[in-house]
Amino acid sequence: MSDTAPGSTPPPDAHGGATEADWSSVRLHIVSGKGGTGKTTMAAALAIALATGGRKVLLVEVEGRQGLAQVFNTPPLEYGEHRIAGAPGGGNVFALSVEPEAAMLEYLELFYNIKRGGAALRRVGAVDFATTIAPGLRDVLLTGKVGESVRRKEGRGFLWDAVVVDAPPTGRIARFLTANSEASDLARVGPIKNQATLVMGVLRSEQTAVHLVTLLEEMPVQETVDGMADLAANQLPMGGIIVNMTRPHLLSDTQMATVRTDGPDLDKLADDLRSVGLESTADNSAALDGLGVEASDHVTRVDMERDERKRLSGHDVPLLEIPQLPEGIDVAALYGIAELLREQGVA
Amino acid sequence: MTDESRTSSPTVGRRLRGAGPDEQTRTHLPRPHTAPLLDIDQVISDPGTRILLCCGSGGVGKTTTAAALALRAAEHGRKVVVLTIDPARRLAQSMGLVELDNTPRPVPGVTGPDGEGSLDAMMLDMKRTFDELVERHAEPGRVQQILDNPFYQSLSTSLAGTQEYMAMEKLGQLAQESQDGENWDLIVVDTPPSRSALDFLDAPNRLGSFLDGRFVKILSAPARGAGRGVGRIFGAGFSLVGGMMNKILGTQMIGEVSTFVTALDSIFGGFRNRAEQTYALLQEEGTAFLVIAAPEPDALREAAYFVDRLQAERMPLTGLVLNRVTRVNVEDLSAEQAVVAAERLDATDSDDPESSSRMSAAMLRLHADRVRSSQRQHHLAERFTSAHPQVPMGEIPALADDVHDLDGLRKVAGMLADHSR
């Protein structure tokens, strides 16, 4: 994003800045972000955007928090793929909440032909160990399941046109995605090594893009910058930065400058309020001051956002922007966000 | 418990409530509960408060709140140490924390009235804490062997669980060091940034029960005998497991895991005891849990889980802090009125974008957005309180800018303290 037009309303198609989003070859979209940035919401909206026009998209959650059920306002998801939403033009979004234990038993059956060992493993605590205590093993199982979904065939083509993952937060994302690489180093030979190599092959290919959701605040932006460096160091393909909850640019550059130097002109404001019938507000000096404070706060916030946006530009990564919705997020809002993502070149 | 009793909260346009689409349902429901007010100054100045834990899901502002309360307590005359997990760089620098060194350092320029109080701060270095644990407890000949083991390296740096355990371990150490009140008389703890606030309570026990569990005994059996040897001792089920382990992991990997687990087992003879001791510390009277939440559905849902859990475990819950609450500065102007007025102003002269009426219209729209955010947040807070009417609640308004110096921290803590007045 250039810094030439702070404060003015950027046309929607200029949001991407210098780097255009083009993920037409990507089938696996991994969505990460710091806690509180709206990662799950963005993953859900991205799945709708990708399904638009009749495609079939799998939306996967790996943290077992039933965040997708909450976003789509449905009962908790049982294990397995279930249709959770439609998309414009006949598309379908299916949701999968991966449970590490089920993934582990599947994994054992698939790769080791162990069918009835689950109960014994559970009894001695091995399942517990693999799924809750050893984070590396857990991540191997979760990313393994994701890799399997991406590769799954139906007839001659792939079962899923795209897979979207609501992934762990930015601080953990590189470690999460490279768990299989670590497993393959530790295992050296054998079936774990083979499976791990296969999964890393998918994650490091141009079929994959990792998107980071952020707010234009210091900590989330810092984590995003660090996260991009982590991804690059681990040869993981960066997708875009989704900048969420940006403030609307309601004031022009000149108006912002006035607010910064002199504060808003409250006398003029009072006149304007009178002219549209808000006499009681116009005659209340505390109310006028209050509106002035709200405007000054807004300018401070927009200035901070502009500074933080600068730290994100110059990485040759598309920036997608989603404005703050004062009314909050509901299912209808997901479709609106999906449309905004499409306008910015996501699908 | 009427709306009028909530006058201490200027954050919500009371007159606006009920004008929204909820009006009709609202009249058929019992009136919403009003939460008791959280008196934070009472909590931090009470010498009986020895440990203050700031918990909550990721991204709600735990670190800033913990640092702000630690500073305020110091300036009220307490000798405070604050354990932060992952502070923003500029905030860390402002507290004199330039590197992770795992040792509390005095924050310059902080004293209370009569020069009584002090503030020390540290950032948790998870790997260093774990290494120190090994160095302190392992047999001298084994220390290097453990530190070099690939599984140790993987476990000690991976974030899930270990960070929570190490935070607890560090808290236990600090509590021990401050037992005589010589060093510190209040420990403020920021908890790791997990998705779920419950992880902080659960991870140490999970790790402890694993290390005490049967699985460890299988893993720590010599690699070659992993199938048969263990089977002979524990029965056929274990033989099956041992066989599967060999098949899945391969004998070489089993060997490395077993070396690691055996070494670890020797360190943590009382591993579970340690975890249990710290857990017990959390149930003591001098401990105060503050749950921090943003006024958003996810954060409040996590906060509700956490509050239920604290109550079930009989842990001392002090209150809920709603952080980054949108404040409305003009209570008598509804969102609808503001939007209508803005549209009328736009219609008066739509040609000159710099005209004063454009500016006024923009200000009205900003106000309308604030009112809508505030109404939504207030509704969410009310829902929380209806389910948890006994939990005292405090509020910190959203600041326009990030907090990155001591003055910013003072302001944050001051706003929370003012909320109860």
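The strands around them are β1 (residues 51–55) and β5 (residues 186–190) of chain B, paired in the parallel sense over 4 bridges. Strands count as paired if DSSP finds at least two bridges between them. Helices (H or I, at least four residues) and strands (E, at least two) are DSSP runs, numbered from the N terminus.

Before going on, note that this is a predicted model, in which local features need pLDDT of at least 70, side-chain atom pairs count only at pLDDT 80 or more, and totals for chains, interfaces and linings use all residues. Residues are numbered from 1 along each chain as its sequence is written, while chains are lettered from A and ligands numbered from 1 in the order in which they are written.

**The sheet of chain B**

Now select the 8 strands of the open sheet in chain B; their order is β3-β4-β2-β5-β1-β6-β7-β8, and the pairing is mixed. Which strands stand at the edges? They are β3 (105–106) and β8 (393–397) of chain B; each has a single partner strand, so one side of each is left without a neighbour in the sheet.

Move to β6 (residues 287–293) of chain B, where 7 of the 7 residues are buried. Buried means that 20 or more other C-beta atoms, placed from the backbone, lie within 10 Å of the residue's own; exposed means 12 or fewer, and partly exposed is in between. In a regular strand the side chains alternate between the two faces of the sheet. Both faces of β6(B) are covered: Thr287(B), Phe289(B), Val291(B) and Ala293(B) are on one side, with Ala288(B), Leu290(B) and Ile292(B) on the other.

β6(B) pairs with β1(B) in the parallel sense over 5 bridges, and Thr287(B) stands opposite Ile51(B). β6(B) also runs parallel to β7(B), joined by 5 bridges. Here Leu290(B) has Gly319(B) as its bridge partner.

**Two helices**

Select α18 (residues 406–419) of chain B, which lies across β7 and β8 of chain B and runs at about 135 degrees to β8(B). Such angles run from 0 to 180 degrees between N-to-C directions, with axes fitted to C-alpha atoms, for helices over the stretch in contact.

Next take α3 (residues 62–75) of chain B. All 14 of its 14 residues are buried, so α3(B) is largely enclosed by the rest of the structure. Just after α3(B), Gly77(B) has a positive phi of about 100 degrees.

**Two domains**

Colour chain B by domain: domain 1 is 48–326 + 398–419 and domain 2 is 331–381, with bounds from an automatic or database domain assignment. Where they meet, 6 residues of domain 1 of chain B are in contact with 6 residues of domain 2 of chain B. Contact means C-beta atoms, placed from the backbone, within 7 Å. On the domain 1 side, the elements giving two or more residues are α15 (297–312) and β7 (317–325) of chain B.

**A residue in chain A**

Finally, select Asp166(A), in strand β7 (residues 162–166) of chain A. Is Asp166(A) buried or exposed? Asp166(A) is buried, with 27 other C-beta atoms within 10 Å. Among the residues that Asp166(A) touches are Val31(A), Lys39(A) and Gly67(A), not counting residues up to four places away in sequence. Leu59(A) is 107 residues from Asp166(A) in sequence, yet 7.5 Å away in space, C-alpha to C-alpha.
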